Amino acid sequence: MDIRKARASDAAHLVRFINMAADDLPLHFWRKTVGPEGDPWALGQERAARETGNFSYRNAWLTEVDGAVAACLLGYAAEAEPGPIDPDTPPIFVPLLELEALAPGSWYLNVLATYEAFRGKGLGSALLTHAEEIAAAAGHDTISLIAEDTHLDALRLYSAKGYRQVARRPVVKGDWDVDASEWIFFTKPVRAT
């Protein structure tokens with residue numbers, strides 16, 4: 001197993017991991033953005049391949065097993081002083097923004113996902129350790145993340161690795177077809193280096 005920084009050329013993998021981690025919410029949003037004639041995956045890849053923005057490949061790391069991409073970590077510094085939520089924000093995203101604002105200045109782990117064929121091999125644990133090292137090296141004293149209540153394996157992993165549940169918000173579904181009913185916000189202290 002090797003962990004490496006993502007490259008712009010990894011965009012096709014990144015969009016799959018991003019979408020997997022959030023139960024098709026990114027794809028749902030990309031479809032609405034491009035309309036019925038557009039390609040939502042192409043929009044996602046364009047966003048992942050850009051140089052700036054939270055979903056840039058520059059904020060991602062990939063795990064490879066025998067040369068094959070297997071898992072992804074995507075994270076970045078949370079806002080030190082979150083402002084009010086824009087009133088034009090789609091309601092589906094408001095609970096997520098409310099939760100993210102609960103740990104200002106933390107290192108926010110936005111995506112942790114593993115392709116199904118590679119699950120159960122410790123890749124998620126290795127990437128969590130890597131995330132904590134990144135957060136500490138960047139001077140953050142806390143790492144934060146949000147998980148859905150239906151991601152039972154992930155919830156067990158976070159608890160086993162010392163993450164503490166801080167808050168919950170109901171999932172706003174609208175026309176997004178998802179089984180989850182709650183977003184769960186976790187934090188863990190890390191020792192800055």
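Predicted model: local features only at pLDDT ≥ 70, side-chain atom pairs only at ≥ 80, totals over all residues.
User: In what order do the seven strands form the open sheet?

Analyst: Strands of a sheet pair through backbone hydrogen bonds, either parallel or antiparallel. Strands (E, at least two residues) and helices (H or I, at least four) are DSSP runs numbered from the N terminus, and two strands pair if DSSP finds at least two bridges between them. Here the order is E1-E2-E3-E4-E5-E7-E6, with mixed pairing. Strand E1 (2–5) and strand E6 (164–170) stand at the edges with a single partner strand each, so one side of each has no neighbour in the sheet. The twist averages 25 degrees from one strand to the next; axes are lines fitted to C-alpha atoms, for helices over the stretch in contact, and angles between N-to-C directions run from 0 to 180 degrees.

User: Which way do E3 and E4 run, and how many bridges join them?

Analyst: E3 and E4 are antiparallel and joined by seven bridges, with Tyr76 opposite Tyr108 in E4. By contrast, E4 and E5 are parallel, with three bridges, and Leu109 stands opposite Leu145 in E5.

User: What unit do E4, H5 and E5 make?

Analyst: A crossover is right-handed if, with the strands pointing away from the viewer, the path from the first strand over the helix to the second runs clockwise. E4, H5 and E5 make a right-handed β-α-β unit.

User: How many residues of E4 are buried?

Analyst: Buried means under 20% relative accessible area, exposed over 50%, and partly exposed in between (1.4 Å probe, protein chains only). In E4, eight of its eight residues are buried. In helix H2 (residues 25–34), the buried residues are Leu25, Pro26, Leu27, His28 and Trp30.

User: Which residues have the most contacts inside the largest nonpolar core?

Analyst: A nonpolar core is a set of buried Ala, Val, Leu, Ile, Met, Phe, Trp, Tyr and Cys residues joined through side-chain atoms within 4.5 Å. The largest has 60 residues, and Leu14, Trp107 and Leu109 have the most contacts inside it. E3 gives the most to this core, with seven residues. Contact means heavy atoms within 4.5 Å; leaving aside neighbours within four places in sequence, Leu14 touches Ala6, Ala48, Tyr57, Ala60, Leu62 and Cys72.

Definitions and conventions:
Residues numbered from 1 in each chain as written. Heavy atoms only, no water.
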